[in-house]
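The sequence and model should be consulted alongside the points below.

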Amino acid sequence: SLEKLITKKKAVKQGAMQELLTGKKRLPGFDGDIKYKSLASLCTVFADGDWIESKDQSNDGIRLIQTGNIGVGKYLDKTDKQRFISTDTFDRLKCLEIFENDVIVSRLPEPAGRACILPYSNKRRITAVDCTIIRFADYNPILFVAYSQTKQYQDKVDMAMAGSTRQRISRKELGEIPIPVFPTIEEQNALASIFSDMDNEIEALEQKLEKTRQIKQGMMQQLLTGKIRLV
């Protein structure tokens with residue numbers, strides 16, 4: 001029942017993103033034309049991550065965020081697969097540090113163009129060369145990450161990759177993708193708040209599902225090995 005509820009909530013969110021971020025529906029009290037601007041034009045930072053070879057990596061230090069850490073709309077920590085570089089290597093390679101609320105986009109499948117917001121960490125971080133770092137000027141990052149999950153955005157990414165043997169989207173092509181810009185910051189923040197609330201609700205349900213699975217696993221372990229018997 002939890003799995004079905006999560007699937008339903010995700011479908012509702014997908015429908016809301018599809019309608020609200022393409023202008024098919026507007027929130028009450030908001031109107032005016034939605035303009036489209038290139039992704040790169042909305043950013044103060046729009047750059048690829050650093051080329052880090054195996055020989056440059058270490059067991060601790062500055063965390064290396066890779067394409068595998070970028071889920072569809074969510075950050076995947078994967079602490080069991082962490083990679084690091086030393087501070088000396090960071091300085092030697094002149095790496096670009098990334099920060100909380102930066103958006104990281106994977107230019108590799110699957111799917112290319114997927115994006116997530118970098119959460120807080122007590123460690124310094126950089127990212128890999130196949131990831132693009134986005135730091136917006138006056139655009140809510142939640143809004144972009146939501147838009148990156150729409151068909152319109154994904155179609156643009158797929159077109160940029162069509163006929164290419166690279167199976168990736170270049171940073172230049174990514175930067176040219178048109179992004180909806182709403183007339184007021186108030187509408188932008190209202191939309192971001194809706195999508196954030198939906199994400200929080202889905203995440204809470206997913207955590208509950210995982211806890212329920214763990215309880216079931218524990219019960220099976222106890223009952224099916226004879227450690228505990230039914231009364």
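With which residue does R213 form a salt bridge, and how far apart are the closest N and O atoms? The partner of R213 is E3, and the closest N and O atoms are 2.7 Å apart; a salt bridge here is a side-chain nitrogen of Lys or Arg within 4 Å of a carboxyl oxygen of Asp or Glu. This pair links distant parts of the chain, with R213 in helix 6 (residues 185–223) and E3 in helix 1 (residues 2–20), 210 residues apart.

The model is predicted: local features need pLDDT of at least 70, side-chain atom pairs count only at pLDDT 80 or more, and totals for chains, interfaces and linings use all residues. Residues are numbered from 1 along each chain as its sequence is written, and side-chain values use heavy atoms, with hydrogens and water left out.

**Overall architecture**

- The secondary structure of the protein comprises six helices and ten strands; helices (H or I, at least four residues) and strands (E, at least two) are DSSP runs, numbered from the N terminus.
- Along the principal axes, the C-alpha atoms fill a box of roughly 70 × 55 × 35 Å.
- Of the 231 residues in the protein, 41% are buried; buried means under 20% relative accessible area, exposed over 50%, and partly exposed in between (1.4 Å probe, protein chains only).
- Among contacts (heavy atoms within 4.5 Å) with a separation of 6 or more, 77% come from residues 24 or more positions apart.

**Helix 6**

- Helix 6 has 39 residues, which at 1.5 Å a residue should span 57 Å, and its end C-alpha atoms are 57 Å apart, in agreement; the expected span is 1.5 Å times one less than the number of residues.
- The buried residues of helix 6 are E187, Q188, L191, A192, F195, M198, I202, L205 and L209.
- An α-helix has 3.6 residues a turn, so residues three or four places apart point the same way.
- The buried residues of helix 6 pack against helix 1 and helix 3.

**Salt bridges**

- The whole structure contains 18 salt bridges.
- In the pair described above, R213 is partly exposed at 43% relative accessibility, and E3 is partly exposed at 47%.
- D48 forms a salt bridge with R171, with the closest N and O atoms 3.4 Å apart. This pair also links distant parts of the chain, with D48 in strand 2 (residues 43–48) and R171 in helix 5 (residues 171–175), 123 residues apart.
- D48 has a relative accessible area of 22% and is partly exposed, and R171 is partly exposed at 35%.
- K55 pairs with D56 in a salt bridge whose closest N and O atoms are 3.5 Å apart. K55 is exposed, with a relative accessible area of 64%, whereas D56 is buried at 6%.
- Salt bridges that share partners join K10, K74 and E206 into one network.

**Largest pocket**

- The largest pocket holds about 730 Å³ of space. On a 1 Å grid over the protein atoms alone, a pocket is an open set of points where a 1.4 Å probe fits, with protein on both sides within 12 Å along at least five of seven lines. Grid points are joined across faces, edges and corners, and the volume is the space filled by probe spheres set on the points.
- Its lining consists of 23 residues, of which G73, K74, Y75, D199 and E203 lie nearest the centre; lining residues have an atom within 4 Å of a point.
- The elements giving two or more residues to this lining are helix 1, strand 7, helix 3 (141–147) and helix 6. Helix 6 provides the largest share, eight residues.
- The lining divides into eleven nonpolar, six polar and six charged residues. Ala, Val, Leu, Ile, Met, Phe, Trp, Tyr, Cys and Pro count as nonpolar, Asp, Glu, Lys and Arg as charged, and the others, Gly among them, as polar.

**Backbone features in loops**

- A cis peptide bond joins P109 and E110, with omega about 5 degrees. Another cis peptide bond joins E110 and P111, with omega about -10 degrees.
- E110 lies in the loop between strand 6 (103–106) and strand 7 (115–117), and P111 lies in the loop between strand 6 and strand 7.
- K78, a residue other than glycine, has a positive phi near 50 degrees. K78 is placed in the loop between strand 4 (62–65) and strand 5 (83–85), and is partly exposed at 37% relative accessible area.
- N101, also not a glycine, has a positive phi of about 80 degrees. N101 lies in the loop between helix 2 (87–93) and strand 6, and is partly exposed at 48%.
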